[in-house]
Amino acid sequence: MIILIGLPGSGKSTVGRLLARRLQLPFVDSDLAIEQRLGCSIREFFEREGEARFRDVEQAVLDELTQGPACVLSTGGGAVLRPANRQCLRERGQVFYLRSAPEEVFRRVQHDRSRPLLQVADPLQKLRELHAQRDPLYRETAHCVVETGRPSVASLVNWIAAKLELQPAPLNPAHASDASH
Ligand SMILES: Nc1ncnc2c1ncn2[C@@H]1O[C@H](COP(=O)(O)OP(=O)(O)O)[C@@H](O)[C@H]1O
Ligand SMILES: O=C(O)C1=C[C@@H](OP(=O)(O)O)[C@@H](O)[C@H](O)C1
């Protein structure tokens, strides 16, 4: 199981879809699986039921998906918030953290209205806060940190595929290694 984590807009679904095609594995987007379970959009559910209820559903879905058939799994940006999720992702998959500066992510998602946490007066400030809070959690969960600043999506896919070819077994479980391009 290949698992991608990172801030909203870090490229988890875009890179994940192409990586899955390259590796001839199914692609699974946990946000879509959650929406299927909810029967409505994540944004609607957030507004109606609040974040804590969303996190309960997210935890249950991640627990199931990570025990399912091998795939490339793209997670939601907040998947690392709960310790139980961090443990389950790290133990059950090879986890890549797509690291992006908040400013880059902001450029990519500023017109996207589907991300509930970013529908605030100052989304860039919100992304900076999310990055400060979550970067240590992403690093703790990941086996490998991938810098996504300059490279194209295609070169990120090539790079991850090459890394997996070199280390097909679980990547060094003790320490996340940094990769810079
Ligand atoms: N490395 C990259 N370079 C440039 N644009 C990117 C890159 N990765 C993702 N994008 C763009 O950023 C936007 C958000 O990517 P997405 O895959 O939806 O992120 P996530 O799944 O992590 O929320 C998309 O429009 C995507 O095409
Ligand atoms: O960062 C977050 O807490 C969230 C990110 C979203 O996923 P993306 O990272 O795919 O936007 C989605 O799971 C939900 O809106 C919460």
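A: Glutamine 24 is exposed, because 6 other C-beta atoms lie within 10 Å (buried means 20 or more other C-beta atoms within 10 Å of the residue's own, exposed 12 or fewer, and partly exposed in between, with C-beta atoms placed from the backbone). This is a predicted model, in which local features need pLDDT of at least 70 and side-chain atom pairs count only at pLDDT 80 or more, while totals for chains, interfaces and linings use all residues. Residues are numbered from 1 along each chain as its sequence is written, and chains are lettered from A and ligands numbered from 1 in the order in which they are written.

Glutamine 24 sits in the loop that runs between helix H1 (12-23) and strand E2 (27-29); helices (H or I, at least four residues) and strands (E, at least two) are DSSP runs numbered from the N terminus. Its phi is positive, about 55°, although glutamine 24 is not a glycine. Most residues other than glycine have a negative phi.

Another loop glutamine is glutamine 167, between helix H8 (153-166) and strand E6 (177-179). Glutamine 167 counts as partly exposed because it has 14 C-beta neighbours inside 10 Å.

Next come the helix pairs. Two packed helices are described by the angle between their axes and the distance between the axes. Axes are lines fitted to C-alpha atoms, for helices over the stretch in contact, and angles run from 0 to 180 degrees between N-to-C directions. Helix H4 (residues 51-65) packs with helix H5 (residues 83-92) at about 15°, their axes 10 Å apart. H4 and H5 are therefore roughly parallel to each other (under 35 degrees; over 145 is roughly antiparallel, 65 to 115 roughly perpendicular and the rest oblique). In this pair, Gln59, Leu62 and Asp63 of H4 meet Ala84, Asn85 and Cys88 of H5; contact requires C-beta atoms, placed from the backbone, within 7 Å. The residues of this contact divide into 3 nonpolar, 2 polar and 1 charged (Ala, Val, Leu, Ile, Met, Phe, Trp, Tyr, Cys and Pro are nonpolar, Asp, Glu, Lys and Arg charged, and the others, Gly among them, polar).

H5 also packs with helix H7 (residues 123-141), at about 35° and with axes 9 Å apart. Arg86, Leu89 and Arg90 of H5 make this contact with Leu137, Glu140 and Thr141 of H7.

Conventions. Contact = placed C-beta atoms within 7 Å.
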